[in-house]
Amino acid sequence: MGDVLELNDVSVRRGAKLILDRVSWSVDEGERWVVLGPNGAGKTTVIQLVAGRLHPTSGTVDIIGERLGQVDVAELRPLVGLASAALDQRLPAGERVLDVVLTASYGMTGRWREQYEDVDTARAAALLDAFGVGDLAERTYGTLSSGERKRVQIARALMPDPEVLLLDEPAAGLDLGGREELMGALAELAGDRRSPVLVLVTHHVEEIPPGFTHALLLREGTVEAAGPLEEVLTPQHLSRAFGLELEVERHRDRYSARASRAHADDHGAHSAPDARDARDALG
Ligand SMILES: Nc1ncnc2c1ncn2[C@@H]1O[C@H](COP(=O)(O)OP(=O)(O)OP(=O)(O)O)[C@@H](O)[C@H]1O
């Protein structure tokens, strides 16, 4: 099969600002991508393009073989599931959690008078179960914790059985336990070959779930690197993208990054005496 997502020489301009500058990127069947980069690098803009919610200023965007601008986006949207903070804000706080998931079948946020088949209700309940929030189905959405909401959002995005699932910063705002539980759920999703193509946006290499295969690293609206995870997550690429010298470690199937010792020491020379004393004491 051909490419699932394809950006070819894509630029996005807003007024004087060039948000994306000649970005090319190709995602194939079965791949699990992470889109990584510092604040303002253009990650959300890329997601908006491949979700069919934004048109490029120049270049072409192909989504499951259909070119943006030449296809009815209403037909395309059920094929691309999206979970993002912006979408979360549109979900009614008073809605029953099961309905938050069910309404995604119609691409709606908020139940009106539509009728659902039993099979739809069963699927929504099964998705909530799969993400460990089945027991919250009868609660109202506004009463959930942020970690519970994230799981419900992913269940909702999967409801129409999309070909692609886009997750914009799914771990943002979660505490350590919540993040690790979400990582487990996403790792399972990544490992299941029936899952759609996955694209996950994050600022942190620690938030890359096991099973993800590729990374797109952005810097100031351009591609710093793209390809298999281990080729992209090098100290060189990450240091350039984030603008400081970084060390990168891999522990089994998870990554971590921090300022390199030399960089930290260099900055430490300018830090308060107390901080230096404390470091000296610690050796
Ligand atoms: N409508 C707009 N007009 C002008 N600038 C915009 C507009 N939308 C986005 N930008 C700018 O484009 C840049 C990229 O934004 P984008 O949200 O894609 O970045 P991001 O990598 O997702 O950032 P973050 O990690 O902070 O969420 C930012 O500098 C942002 O201020």
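Arg22 counts as partly exposed because 15 C-beta neighbours lie inside 10 Å. The classes rest on C-beta atoms placed from the backbone: a residue is buried if 20 or more others lie within 10 Å of its own, exposed if 12 or fewer, and partly exposed in between. The model is predicted; local features need pLDDT of at least 70, side-chain atom pairs count only at pLDDT 80 or more, and totals for chains, interfaces and linings use all residues. Residues are numbered from 1 along each chain as its sequence is written.

Arg22 lies in strand 2. Helices (H or I, at least four residues) and strands (E, at least two) are DSSP runs, numbered from the N terminus. The phi of Arg22 is positive, near 55°, and Arg22 is not a glycine. Most residues other than glycine have a negative phi. Glu169 also has a positive phi, near 50°, in a residue other than glycine. Glu169 sits in the loop between strand 7 (164–168) and helix 7 (176–191). Glu169 counts as buried, because 20 C-beta neighbours lie inside 10 Å.

The protein as a whole has 11 helices and 12 strands. Of its 283 residues, 36% are buried. Contacts were also computed, with two residues in contact if their C-beta atoms, placed from the backbone, lie within 7 Å. Among contacts between residues at least 6 apart in sequence, 60% join residues at least 24 apart.

The largest nonpolar core holds 74 residues. Such a core is a set of buried Ala, Val, Leu, Ile, Met, Phe, Trp, Tyr and Cys residues joined through C-beta atoms within 7 Å. Val50, Val101, Leu166 and Val199 touch the most other members of the largest core. Residues up to four places away in sequence aside, Val101 touches Ala124, Leu127, Leu128, Val152, Ala155, Arg156 and Met159.

Attention turns to the ligand. Its shell consists of 13 residues, and the closest are Arg14, Asn39, Gly40, Thr44 and Thr45. A residue is near a molecule if its C-beta atom, placed from the backbone, lies within 6 Å of it. Strand 2 (17–28) and helix 1 (43–50) each supply at least two shell residues. Helix 1 gives the largest share, 3 residues. By class, the shell has 2 nonpolar, 8 polar and 3 charged residues. Here Ala, Val, Leu, Ile, Met, Phe, Trp, Tyr, Cys and Pro count as nonpolar; Asp, Glu, Lys and Arg count as charged; the others, Gly among them, count as polar.

Helix 1 also has a buried side. Its buried residues are Lys43, Val46, Ile47, Leu49 and Val50. Seen down the axis of helix 1, these residues fall within an arc of 160°, so they line one face of the helix. The arc is that of the directions from the helix axis to the C-beta atoms. Gly52 follows helix 1 and has a positive phi, near 75°.

Helix 9 (residues 235–242) was examined in the same way. His237, Leu238, Ala241 and Phe242 are buried in helix 9. Seen down the axis of helix 9, its buried residues fall within an arc of 110°, so they line one face of the helix. They pack against strand 9 (214–219), strand 10 (222–228), helix 8 (229–232), strand 11 (246–251) and strand 12 (254–259). Just after helix 9, Gly243 takes a positive phi of about 75°.

Leu238 belongs to helix 9. Leu238 counts as buried because 25 C-beta neighbours lie inside 10 Å. Residues up to four places away in sequence aside, Leu238 touches Leu233, Leu246, Val248 and Ala257. Leu238 and Gly37 are 201 residues apart in sequence, yet 8.3 Å apart in space, C-alpha to C-alpha.

The domain assignment gives domain 1 (3–243) and domain 2 (244–283). These bounds come from an automatic or database domain assignment. Between the domains, 11 residues of domain 1 are in contact with 10 residues of domain 2. The side of domain 1 that touches domain 2 has 7 nonpolar, 3 polar and 1 charged residues.

Arg252 is found in the loop between strand 11 and strand 12. Arg252 counts as exposed, because 5 C-beta neighbours lie inside 10 Å. Arg252 and Val197 are 55 residues apart in sequence and 23 Å apart in space, C-alpha to C-alpha.
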